[in-house]
Amino acid sequence: MILNKKILKQKKYAQLHRYLIAFLLVYLMERYAQSESSSYIRAFAVIIPVFVVDVILSVKDYMNRRSVVYLLRFAEISAAAGCVLMATIPYNMSLAMLILLLFFCEYVLAFDFEEGYYRTLAILTGSIPMIVLLVADMIINRQIKERLFPIACVFLLLIALVTFVISLYAKVVNNYDAQVFGQGRVIDEMSQTNEELRQNQEKVKKSNELLAMQKVKLEQAYKDINSINNEMVIQNEIIKYISSSLYI
């Protein structure tokens, strides 16, 4: 089965997630050992299982369909956004933001981001979990000024950053594809020109062969004409001799 290139890239991202799982586990154990507080663990209690599911799906080849990749990355964005809202310690929130940025980029890259329509669709749908969780947290905690407004600003900045970076990357990819396509066209044209030259060479070769055959025929005809001329000269001499003899 020939897998889509984007799916193969998503599987490589899953390999990166294995190292992130190990890092998070070491980080949480070290923080818990230092503070003996469960606040470090609660924030990442949702995101680590999603990482594990990601790795399992990639190992078991369930990520061979793009629909599975979309749903998985969407769930990871939701978990990371929830982790940001649940974090009460600045270090945890910063780490959760970085993970959210990673998942958001992976989600957009799973689409055909080279086209503006699909890129916009990916960014809008990827922003849904952050908006929904912000609204839910606003309804539950009612801490708009102290907590939600700064987080909302960070979410907007994250979305704007991803939009800018992915758009720039898409432009680079499209320019590269255009160059490759142009080079392919040049190679095709050169191949076509070479084929036409080869055909012309074949025609010239056949023409030369025909000319050579005609030359041989002309030389043979020239020899035949000379032979006939020589015979006619001899015949004329004989006739002259006979005529002169009869006259005498």
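My entries follow, beginning with the ground rules.

**Ground rules.** I am working with a predicted model, in which local features need pLDDT of at least 70 and side-chain atom pairs count only at pLDDT 80 or more, while totals for chains, interfaces and linings use all residues. Residues are numbered from 1 along each chain as its sequence is written, and side-chain values use heavy atoms, with hydrogens and water left out.

**Cysteines.** I looked for disulfides, taken as pairs of cysteine sulfur atoms within 2.5 Å, and found zero. For accessibility I used relative accessible area, with buried under 20%, exposed over 50% and partly exposed in between (1.4 Å probe, protein chains only). Cys83 is buried at 0%, whereas Cys105, at 21%, counts as partly exposed.

**Helices α4 and α6.** Helices here are DSSP runs (H or I, at least four residues), numbered from the N terminus. I fitted axes as lines to C-alpha atoms over the stretch in contact, with angles running from 0 to 180 degrees between N-to-C directions. Helix α4 (residues 66–86) packs against helix α6 (residues 116–141) at about 35°, and their axes lie 9 Å apart. I noted the crossing as right-handed, meaning that the near helix is turned clockwise from the far one by less than a right angle. With contact set at heavy atoms within 4.5 Å, the α4 side includes Phe74, Ile77 and Leu85, and these belong to a set that meets α6 residues, among them Ile128, Met130 and Leu133. The residues of this contact divide into nine nonpolar, four polar and one charged, where Ala, Val, Leu, Ile, Met, Phe, Trp, Tyr, Cys and Pro count as nonpolar, Asp, Glu, Lys and Arg as charged, and the others, Gly among them, as polar.

**Salt bridges.** I required a side-chain nitrogen of Lys or Arg within 4 Å of a carboxyl oxygen of Asp or Glu, and the count came to three. In one of them, Arg198 pairs with Glu195, with the closest N and O atoms 2.5 Å apart. Being three residues apart in helix α7 (residues 144–247), Arg198 and Glu195 are separated by about one helical turn. Arg198 is partly exposed at 40%, and Glu195 is partly exposed at 33%. Elsewhere, shared partners join Arg73, Glu76 and Glu106 into one network.

Glu76 and Arg73 come to 2.8 Å between their closest N and O atoms, and both lie in α4, three residues apart. Glu76 is buried at 0%, and Arg73 is likewise buried at 0%. Glu106 meets Arg73 at 3.5 Å, N to O; this pair links distant parts of the chain, with Glu106 in helix α5 (residues 90–110) and Arg73 in α4, 33 residues apart. I noted both Glu106 and Arg73 as buried.

Conventions. Helices (H or I, at least four residues) and strands (E, at least two) are DSSP runs, numbered from the N terminus.
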